[in-house]
Amino acid sequence: MDKEIILSAWENRELLKERQTINAINDTMALLNRGEIRVAEKHDDEWIINEWVKKAIILYFPINPTRKMVAGDFEFADKIQTKKDYLEWGVRAVPMAVARFGSYVAPGSILMPSYVNIGAYIDSGTMVDTWATVGSCAQIGKNVHLAGGVGIGGVLEPIGAKPVIVEDNCFIGSRCIIVEGARICEGAVLGANTVITASTKIIDVCTEERKEYKGYVPKNSVVVPGSITKHFPAGDYNVNCALIIGQRKESTDKKTSLNDALRMF
């Protein structure tokens with residue numbers, strides 16, 4: 001029922017004045033906040049976008065006025081409140097960690113001083129490390145480590161655009177940037193400063209025959225920043241790429257074993 005009401009309001013914004021519409025949007029946001037629905041879901045090996053949920057998020061802004069928010073000596077003006085009751089959720093949230101209402105952070109997760117935007121989904125056992133950001137609607141799997149300063153891009157529009165997806169058991173190194181709906185498949189390890197966009201060339205250099213991907217890092221890949229020479233009218237220049245230099249194995253897991261200790265809750 002809420003889905004149909006939201007789809008009607010998307011086509012006719014005058015309906016945003018009606019109590020039925022406001023209640024449907026608020027109910028949908030509460031479900032998002034509890035993780036009972038999500039912007040994107042995996043079916044078999046394909047991620048499906050729930051476009052009506054993204055529409056509900058966008059419609060949530062015009063039905064909320066900008067209001068004053070105070071936290072100690074800090075004052076803000078925003079339309080969306082922050083998440084609360086972390087202790088009841090079983091989430092460890094270090095001071096200065098901020099997650100917006102309408103995002104989901106599963107029990108057993110850890111938020112260091114960081115930012116999680118509306119519509120994002122963070123599954124259990126994941127650590128969002130210091131000054132990492134998780135953009136709107138991004139989907140982060142179980143037992144993921146987003147290391148210090150990682151930037152996970154967000155997307156609300158266009159409605160059909162896929163969010164950034166980081167699947168279970170990934171390790172995303174310091175200062176990595178993942179944007180434009182890129183998908184990092186299960187178990188992948190990204191070395192520090194790796195940038196993955198929809199157009200980044202991701203080159204597997206482990207075999208004699210070169211394999212190239214864009215916006216997609218295969219399962220258990222170990223990836224580091226690289227560069228590739230590209231010809232321009234003004235000459236040849238190196239542009240950024242990413243290199244798959246191997247597959248995750250026991251020795252790689254040992255390098256990330258510190259996370260197991262940090263996740264003890």
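Student: Which residues does Asp 123 touch, not counting residues up to four places away in sequence?

Tutor: This is a predicted model, so local features need pLDDT of at least 70 and side-chain atom pairs count only at pLDDT 80 or more, while totals for chains, interfaces and linings use all residues. Residues are numbered from 1 along each chain as its sequence is written, and side-chain values use heavy atoms, with hydrogens and water left out. Contact means heavy atoms within 4.5 Å. By that test, Asp 123 touches Ala 106, Ser 109, Ile 140, Gly 141 and Lys 142.

Student: Is Asp 123 buried or exposed?

Tutor: Asp 123 sits in the loop between β10 (121–122) and β11 (127–128). Strands are DSSP runs of E, at least two residues, and helices are runs of H or I, at least four, numbered from the N terminus. Buried means under 20% relative accessible area, exposed over 50%, and partly exposed in between (1.4 Å probe, protein chains only). Asp 123 has 12%, so the residue is buried.

Student: How many residues of α3 are buried?

Tutor: The buried ones are Trp 52, Val 53, Lys 54, Lys 55, Ala 56, Ile 57, Ile 58, Leu 59 and Tyr 60. Their cover includes α1 (2–11), α2 and β2 (46–49). Helix α3 is therefore largely enclosed by the rest of the structure, and its buried count is 9 of the 10 residues.

Student: At what angle do α2 and α3 cross?

Tutor: Axes are lines fitted to C-alpha atoms, for helices over the stretch in contact, and angles run from 0 to 180 degrees between N-to-C directions. The axes of α2 (residues 19–33) and α3 (residues 51–60) come within 9 Å. Angles under 35 degrees count as roughly parallel, over 145 as roughly antiparallel, 65 to 115 as roughly perpendicular and the rest as oblique. These two helices are therefore roughly perpendicular, crossing at roughly 115°.

Student: How do the residues of the contact of α2 with α3 divide?

Tutor: From α2 come Ile 25, Asn 26, Thr 28, Met 29 and Leu 32; from α3 come Trp 52, Val 53, Ala 56, Ile 57, Leu 59 and Tyr 60. Ala, Val, Leu, Ile, Met, Phe, Trp, Tyr, Cys and Pro count as nonpolar, Asp, Glu, Lys and Arg as charged, and the others, Gly among them, as polar. The contact of α2 with α3 divides into 9 nonpolar, 2 polar and no charged.

Student: Which residue in β11 does Leu 111 stand opposite?

Tutor: Strand β8 (residues 110–111) pairs with β11 in the parallel sense, over 2 bridges. Opposite Leu 111 stands Val 128.

Student: What is the omega of the peptide bond from Glu 157 to Pro 158?

Tutor: Pro 158 is in the loop between β15 (151–152) and β16 (165–166). The bond from Glu 157 is cis, with omega near -5°.

Student: Where is phi of Asp 85?

Tutor: Asp 85 lies in the loop between β4 (74–78) and α4 (86–89). Asp 85 is partly exposed, at 46% relative accessibility. Its phi is positive, in a residue other than glycine, and is near 60°.

Technical notes: Two strands pair if DSSP finds at least two bridges between them.
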